[in-house]
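Please consult the sequence and the structure alongside the points below.

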Amino acid sequence: MKKLFLFTIILVTLSCKNKDTENQTATVETPEVVEIPFIWEAANLYFLLTDRFNNGDTSNDVNFDRTLETGKLRGFKGGDIKGITQKVKEGYFTDLGINAIWMTPIVEQIHGGTDEGTGVSYGFHGYWAKDWTKIDPNFGTKEDLHALVKEAHARGIRIVLDAVINHTGPVTEKDPVWPEEWVRTDKQCSYEDYENTISCTLVANLPDIRTESNNNVELPPQLVEKWKAEGRYEQEVKELNEFFERTGHPRAPRFYIMKWLTDYITEFGVDGYRVDTVKHVEEYVWEEFKVECDYAFAQYKKQNPEKVLDDNPFYLLGEVYNYGVSSGQEFDFGDRKVNYFNPPSFQSLINFEFKYNSKDKNYEELFKHYNTILNDELKGFGTVNYLSSHDDGRPFDAQRKKPFETANKLLLSPGTSQVYYGDESSRSLIVEGTEGDATLRSMMNWDSIAKRQHTKDVLTHWQKLGQFRAKHPAIGAGKHQMITASPYYFYRSYQKGNYKDLVVVGLDLKQGEKIIDVSKVFEDGDTLHDAYSGQTQVVEKGTITIQSPFEIVLLEKK
């Protein structure tokens with residue numbers, strides 16, 4: 001049975017008294033149930049570093065003797081899957097209007113540390129895989145991931161994992177290089193064209209998987225030794241044999257990794273993958289990966305019909321570094337353009353230009369720009385907008401001086417919104433003593449949320465906008481139309497089948513009385529609710545009046 005996450009609207013409650021006082025009766029109309037469809041293009045996606053969000057289990061903080069002194073914020077800090085589940089159960093994400101969580105990779109990381117010129121680093125971020133088939137004990141266990149998916153799904157929250165096919169982790173004294181038929185280590189990328197972006201290592205000491213190879217290769221000896229020591233070698237080989245027999249793929253490096261990654265779909269029922277370093281891998285690899293992901297998701301649904309959330313396909317979000325929506329569906333390597341949307345690969349790509357658009361454009365210019373693109377060049381696909389991230393050293397508001405504007409532009413723009421952990425609480429992105437991207441990766445500022453009034457006020461603003469966005473697909477996936485420029489009001493409209501969604505939003509308004517013309521959207525007699533102030537008014541002569549101390553209104557039909 002499909003689980004439906006519903007908002008109910010009680011239309012009328014009638015109390016009827018019989019003239020015979022001894023036989024008083026009351027009749028209540030059955031509430032009209034409105035199913036709000038989950039739409040990835042309208043989602044409010046929360047991106048967190050698993051190790052830096054919340055420590056739910058201190059007993060797993062140190063594993064594999066990862067005890068070397070590291071550069072600042074370059075070692076494990078204790079965040080784990082249990083910590084995420086704890087916040088799911090507390091309602092933190094629901095209160096924030098989050099309906100999808102993207103976690104950094106949770107597969108087992110290299111055991112050793114390495115110095116890339118910024119001090120010793122460990123694989124706390126998850127992008128240095130040692131064994132794709134096992135969850136790193138610093139992050140948790142299979143049971144922990146099952147629990148997270150169960151608790152998140154029960155609240156209508158999707159889980160997106162992070163897939164890396166491009167490279168293994170660095171070589172250390174504890175982590176030998178994979179065999180030459182698996183990886184290349186001799187050429188570092190120079191990035192000036194297609195070839196020198198793909199068939200090379202991203203940086204020194206990051207072995208590049210030979211994703212172009214169709215040659216049959218044996219398992220790396222270090223994995224064989226590891227699996228035998230863990231008592232699961234025969235089972236892993238059995239499953240690999242079944243995979244290659246079913247698919248007919250050669251036993252080439254990329255297909256091993258695809259098998260290992262799609263196992264997380266079949267076993268845990270995760271809803272999507274954010275795919276790392278897309279442009280550094282041949283584009284046809286992602287078409288192949290999509291086929292395997294879709295198959296695994298279909299198998300999960302078939303085997304677990306009672307856990308199916310809806311009819312949405314498996315979600316694939318691509319990270320094509322420096323892709324921006326203004327280029328449409330194509331990414332330009334300089335000597336060649338590649339479309340990662342079609343042939344079918346990715347449903348959405350991360351949009352690296354949104355922070356620049358947000359700096360250069362006012363609200364209407366920004367919203368109109370994205371409305372135009374998403375209803376033209378990217379029609380049928382999506383974009384994921386962000387204003388700060390884990391590896392973007394030039395965020396929109398590094399000093400966190402504009403948390404309210406950040407929320408308004410991110411959460412009210414067309415497209416999927418990506419909230420980076422701590423955006424909603426002004427977590428500092430400038431940490432003294434750090435080098436490189438470590439400054440973006442501090443621990444979540446739970447203490448500030450608990451104790452600082454300003455942080456609480458910022459969080460409340462993000463919560464109100466986030467919940468409004470989650471209730472109204474029109475915000476992210478609907479069509480945008482300005483009502484008036486000054487004061488600034490606009491509406492969004494969305495329709496899918498019999499489902500219709502209409503909202504009116506006002507920004508940069510005067511505090512106090514606001515007389516709002518809603519005649520283009522709502523009818524006289526409609527009851528409207530301002531989700532920001534909590535007020536409810538009835539439309540009369542095409543207008544409503546909201547009296548509030550806020551500079552924003554979020555109008556929805558009651």
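The model is predicted. Across the protein chain the pLDDT averages 94, and 94% of the residues score at least 70. Over residues 1–31, however, the pLDDT is below 50. The points below treat confidence, then the helix pairs, then the aromatic pairs and the backbone.

**Confidence**

- The stretch of residues 1–31 has 41 contacts in the model beyond near neighbours in sequence.
- Where pLDDT is low, predicted coordinates should not be read in detail.

**Helix pair α8 and α9**

- Two packed helices are described by the angle between their axes and the distance between those axes.
- Helix α8 (residues 253–268) packs with helix α9 (residues 283–303) at an angle of about 30°, and the axes are 8 Å apart.
- Angles under 35 degrees count as roughly parallel, and α8 and α9 are therefore roughly parallel to each other.
- The crossing of these two helices, α8 and α9, is right-handed.
- On the α8 side, the contact includes Phe 255, Met 258, Leu 261 and Ile 265; on the α9 side, the residues met include Val 285, Phe 289, Cys 293, Ala 296 and Phe 297.
- Charged residues also take part, among them Arg 254 and Glu 267 in α8 and Glu 288 and Glu 292 in α9.
- By class, the residues of the contact of α8 with α9 comprise 12 nonpolar, 3 polar and 4 charged.

**Helix pair α4 and α8**

- Helix α8 also meets helix α4 (residues 142–154): the axes come within 11 Å and cross at roughly 60°.
- Given that angle, α4 and α8 are therefore oblique to each other.
- The crossing of α4 with α8 is right-handed.
- Lys 142, Leu 145, His 146 and Val 149 in α4 are in contact with Tyr 264, Glu 267 and Phe 268 in α8.
- This contact of α4 with α8 is made up of 4 nonpolar, 1 polar and 2 charged residues.
- Glu 267 and Phe 268 of α8 take part in the contact with α4 and also in the contact with α9.

**Helix pair α11 and α12**

- Helix α11 (residues 363–374) and helix α12 (residues 403–412) have axes 10 Å apart and pack at an angle of about 20°.
- The helices α11 and α12 are therefore roughly parallel to each other, and their crossing is right-handed.
- From α11, Tyr 363, Leu 366 and Phe 367 contribute to the contact; from α12, the partners are Glu 405, Asn 408, Lys 409 and Leu 412.
- The residues of the contact of α11 with α12 divide into 4 nonpolar, 1 polar and 2 charged.

**Aromatic pairs**

- The structure contains 39 aromatic pairs.
- One of them joins Tyr 321 and Phe 352 in a tilted arrangement, 4.7 Å centre to centre and with 55° between the planes.
- This pair links distant parts of the chain, 31 residues apart: Tyr 321 lies in the loop between β15 (315–318) and β16 (330–332), and Phe 352 in the loop between β18 (348–351) and α10 (354–360).

**Backbone geometry**

- Most peptide bonds are trans, and most residues other than glycine have a negative phi.
- Asn 342 and Pro 343 are joined by a cis peptide bond with omega about 10°; Pro 343 sits in the loop between β17 (337–339) and β18.
- A cis peptide bond also runs from Ser 486 to Pro 487, with omega near -5°, and Pro 487 is located in the loop between β21 (479–484) and β22 (488–496).
- Leu 73, although not a glycine, has a positive phi of about 60°; Leu 73 is placed in the loop between α1 (50–53) and α2 (81–90).

Terms used: Residues are numbered from 1 along each chain as its sequence is written. This is a predicted model: local features need pLDDT of at least 70, side-chain atom pairs count only at pLDDT 80 or more; totals for chains, interfaces and linings use all residues. Side-chain values use heavy atoms; hydrogens and water are left out. Axes are lines fitted to C-alpha atoms, for helices over the stretch in contact, and angles run from 0 to 180 degrees between N-to-C directions. Helices (H or I, at least four residues) and strands (E, at least two) are DSSP runs, numbered from the N terminus. Angles under 35 degrees count as roughly parallel, over 145 as roughly antiparallel, 65 to 115 as roughly perpendicular and the rest as oblique. A crossing is left-handed if the near helix is turned anticlockwise from the far one by less than a right angle, and right-handed if clockwise. Contact means heavy atoms within 4.5 Å. pLDDT is the predictor's confidence in each residue, from 0 to 100. Rings of Phe, Tyr and Trp (its six-membered ring) pair if their centres lie within 6.5 Å; planes under 30 degrees apart count as stacked, over 60 as edge-to-face and the rest as tilted.
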